[in-house]
Amino acid sequence: MTVLAIAYPLVSHIGTLLDVPAVGLAWLSLVLGAGFLLGARSPVLMLLSLGCLAAAVIGHFEDKADLLQTVPPVVIAFGLAWVFGRTLLPGRTALIARIGERMRGELPEPVARYGQRLTLVWTLFFVLMGLECLLLGLFAPPLVWSLFANFINYGLIALLFVIEYPIRRLVLRDLEHTPFLDSLRGSLRLDLQ
């Protein structure tokens, strides 16, 4: 399942290069369907899988697949913005602070505040990424859109992780810091509930 998901950007890009954009949508349908069948029995997951498959078929026959293939990266970016942003609502614990609590236990106030600010940064980052994917999907040539949506944006996500770590060490200099790779592993084990 994970390998299928990781391969999606490459498959989508190859579909763009070969001028068969429905391939990316069909692959995403496969990834979502596999997720459903392998244990994540969410009806939403199955509906998304069927929706991607329908978009691939309709888009291919109606010659709209190039436009329809731009939808998943927009939905993914805005979906991630929602996952991070909803934890900033009153009465909730910011997602980054929650990850810190899971790794360290109760956080001192400056660390919790830093986690809240970093959650806001990630929220805004994903909103901007969603807007970028939307605008490139509407106005850029398919190859430019594909390079950003399938490769450059993932590099920007990695860059944000790399840039944030020394900033955290500077801002929270009195804290004993987790090594970067351990910090990254903890961040990737998200509890999205």
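The legends below describe several close-up views of a predicted model.

Figure 1. Taken along the principal axes, the C-alpha atoms fill a box of roughly 60 × 35 × 30 Å. Of the 193 residues of the protein, 39% count as buried. When contacts between residues at least 6 apart in sequence are considered, 66% of them join residues that are at least 24 apart.

**Figure 2. Packing of helix H1 against helix H2.** Helix H1, spanning residues 2-17, and helix H2, spanning residues 22-37, pack at an angle of about 170°, and their axes lie 8 Å apart. Because angles over 145 degrees count as roughly antiparallel, H1 is described as roughly antiparallel to H2. The crossing of these two helices, H1 and H2, is right-handed. On the H1 side the contact is made by Leu4, Ala5, Ala7, Tyr8, Val11, Ser12 and Gly15, and on the H2 side by Val23, Gly24, Trp27, Leu28, Leu30, Val31 and Ala34. The residues of this contact of H1 with H2 comprise 11 nonpolar and 3 polar ones, with no charged residue.

**Figure 3. Packing of helix H2 against helix H3.** H2 also packs with helix H3, which covers residues 43-62, at an angle of about 160° and with the axes 8 Å apart; that angle makes H2 roughly antiparallel to H3. H2 passes H3 in a left-handed crossing. From H2 the contact draws on Ala22, Leu25, Ala26, Leu28, Ser29, Leu32, Gly33, Gly35 and Phe36, while H3 supplies Leu45, Met46, Leu48, Ser49, Cys52, Leu53, Ala55, Ala56 and His60. The residues of the contact of H2 with H3 divide into 13 nonpolar and 5 polar, and no charged residue takes part.

**Figure 4. The largest nonpolar core and a second, separate core.** The largest nonpolar core holds 27 residues, of which Phe84, Trp122, Phe125, Phe126, Met129 and Ile157 touch the most other members. Two or more residues are given to this core by each of helix H5 (71-85), helix H6 (95-104), helix H7 (109-139) and helix H8 (142-171), and H7 gives the most, with 9 residues. Met129 touches Ala77, Asn153 and Ile157, when residues up to four places away in sequence are not counted. A second, separate core consists of 6 residues, among them Leu28, Leu32, Leu45 and Cys52.

Figure 5. If its neighbours within four places in sequence are left aside, Asn150 is in contact with Pro9, Ser12, His13 and Trp145. One of these partners, Ser12, also belongs to the H1 side of the contact of H1 with H2.

**Figure 6. Leu80 in helix H5.** Leu80 lies in helix H5 and is partly exposed, with a relative accessible area of 30%. Along the chain, Leu80 and Asp66 are 14 residues apart, and their C-alpha atoms are separated by 23 Å.

Note on methods. Residues are numbered from 1 along each chain as its sequence is written. This is a predicted model: local features need pLDDT of at least 70, side-chain atom pairs count only at pLDDT 80 or more; totals for chains, interfaces and linings use all residues. Side-chain values use heavy atoms; hydrogens and water are left out. Axes are lines fitted to C-alpha atoms, for helices over the stretch in contact, and angles run from 0 to 180 degrees between N-to-C directions. Helices (H or I, at least four residues) and strands (E, at least two) are DSSP runs, numbered from the N terminus. Angles under 35 degrees count as roughly parallel, over 145 as roughly antiparallel, 65 to 115 as roughly perpendicular and the rest as oblique. A crossing is left-handed if the near helix is turned anticlockwise from the far one by less than a right angle, and right-handed if clockwise. Contact means heavy atoms within 4.5 Å. Ala, Val, Leu, Ile, Met, Phe, Trp, Tyr, Cys and Pro count as nonpolar, Asp, Glu, Lys and Arg as charged, and the others, Gly among them, as polar. A nonpolar core is a set of buried Ala, Val, Leu, Ile, Met, Phe, Trp, Tyr and Cys residues joined through side-chain atoms within 4.5 Å. Buried means under 20% relative accessible area, exposed over 50%, partly exposed in between (1.4 Å probe, protein chains only).
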